[in-house]
Amino acid sequence: MQTIHRVLLSGLALAGVSTVSAEPYNTFDGEGFPACNDVALVHNATSVDDIVNIVKNASANGTPVRASGKGHMWYDTMCSDNPETIIVRTEFVNGISNFSLEEGAESGTVDIEAGVTFLQFAEYLHANNASMGYTLVNWNITMAGAVAMGGHRSAIREDSMVAAGVLSLDIVNGDGDIVTVERDENNDDWLAASTSLGLLGIIVRMKFKIYPDFKVFAKQETLDEDDVLNGDIYGMIAPYATANFWWWPYMKKFHWRYYDKIPLTLSDQQGFQNTFSISDAEAAVAKATLETGRVLATSNMFFETTAFTLWSAPNFREKTTWTTITEWPVYGWNYDVLIGGLYPDEKPEWEEGLHGATLELAFPITQANDMLKRVRQAFDDEAKKGIIMTSTYRSGINIKFGRPFYNFLGQVTYNTSDGADWSKGAIMFDFPTYKPTTGDGKRFNEDFYPRLAKTLIDEFPCRPHWTKNTREVFANATKNLDPDHLARFKVVRQKFDPQGIFKSIIGEILGMYD
């Protein structure tokens, strides 16, 4: 019945009929976690030409359209609240072509379509003795989606924005025409398109820079909280190709993970990192603990203590045998070690009923110590009231970093009106938390999280991650964005999409349709 319903909606929506019934379009977390509260149609595009035709029809009828890859979202900010919205899923438009990397060359290029995921791209490149360098994120995200939303790896020394690997973008604009945008920091079209939020149109093709394949090591150390809060944070991160911290606030500890390139002959180990996968037994224990943590701080303390112990060991297996790796450092091919994916005998957390909420803000790395100390003060203020805050995520609070990359809406842009020094890069405070599914569905001490967000936004120059924050966070954080960047982005937006068919809640909050 649902298929028939979708087909009927397709005809009505594309014909511009305004009485179609609507239903939510969910994030990767599934039912109950909408990326869009009401949409008329989810269209599984099959080709670039199919996307062009959908947009042309929508444009002729004034029908709102939003593109979606894998639904890597946390909140209902992907669309506008117009129930006539059409979602164009790009997952099945995933061709890779025009591979070019000459033997002995430092770099090459390849063309990828809208729905190519990081995992698909990495496997294709590895089979051709190539890699995407360090411009990567997670296995369950499309490359084009990551570019549109400003996705990044944690790195200061190397390019970390996914957009840093893009040489050109083909975008289907609001008229259904394909517009090619070449990489050019003197062109406002590029400065908008390289973090477009999907407001210019649908990225259907990218020319991406690639490199010869390489191996890396991963090493992790445990630090006392004071070693980071009062330490040389830049000095711990910048020397490595990629590095990050995980913060355990109840334990007052940090894990410091860092990676770098090694000679191909240094080790035969083929480490594969576990990203988001969990066994049935682990999931059952975690869910039972965290659900009681909705009202019992002691459950959350137990969870953080247990998770800290588990995360102290390598979250890697040997890819050739899938046996557990027990000692640091770990060695392997770049993507397998830097990102990895799912173990073959496990499922992603969300398929086991473990769901999350999150908050992510970026700050100048020059203010990293002050920002982290302010978060610690917020935790301590709760403790004075007898409320103990913890991490309720398997790897703690993720503290990431970003190399400067100039564009209008990226988290790591620089030379902005706030007067802050972003030239050395950014630190990202990424605070994932378990979202209960029982009772009222609220987290332990629920009002702490919006209070913390408000404090950080009001007291520091900071920028929101475009898929990891609520509407309220975006509304408050907009004041910290450069007004000139917003104005220039708006001009490009109006040129690409004069009718505003690609409108989203975020675009509305940013004033792109005023």
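**Ground rules.** I number residues from 1 along each chain as its sequence is written, and side-chain values use heavy atoms, with hydrogens and water left out. Because the model is predicted, local features need pLDDT of at least 70 and side-chain atom pairs pLDDT 80 or more, while totals for chains, interfaces and linings use all residues.

**Entry 1: cysteines.** I looked for disulfides (cysteine sulfur pairs within 2.5 Å) and found one. Cys-36 is joined to Cys-79, with S to S at 2.0 Å. The S-S torsion is about 65 degrees, so this disulfide is right-handed. The bond links distant parts of the chain, 43 residues apart. Cys-36 sits in strand S2 (34–39), and Cys-79 in the loop between strands S4 (65–68) and S5 (86–89). Strands are DSSP runs of E, at least two residues; helices are runs of H or I, at least four; both are numbered from the N terminus.

I then checked burial (buried is under 20% relative accessible area, exposed over 50%, partly exposed in between; 1.4 Å probe, protein chains only). Cys-36 is buried at 1%. Cys-79 is buried at 2%. Cys-462 is also buried, at 0%.

**Entry 2: second largest pocket.** A pocket here is an open set of points on a 1 Å grid over the protein atoms alone, where a 1.4 Å probe fits, with protein on both sides within 12 Å along at least five of seven lines; lining residues have an atom within 4 Å of a point. I noted 29 lining residues. Tyr-75, Ala-357, Arg-443, Glu-446 and Thr-470 lie nearest the centre. Strand S21 (356–357), helix H12 (448–459) and helix H13 (471–477) each give two or more residues. H12 gives the largest share, five.
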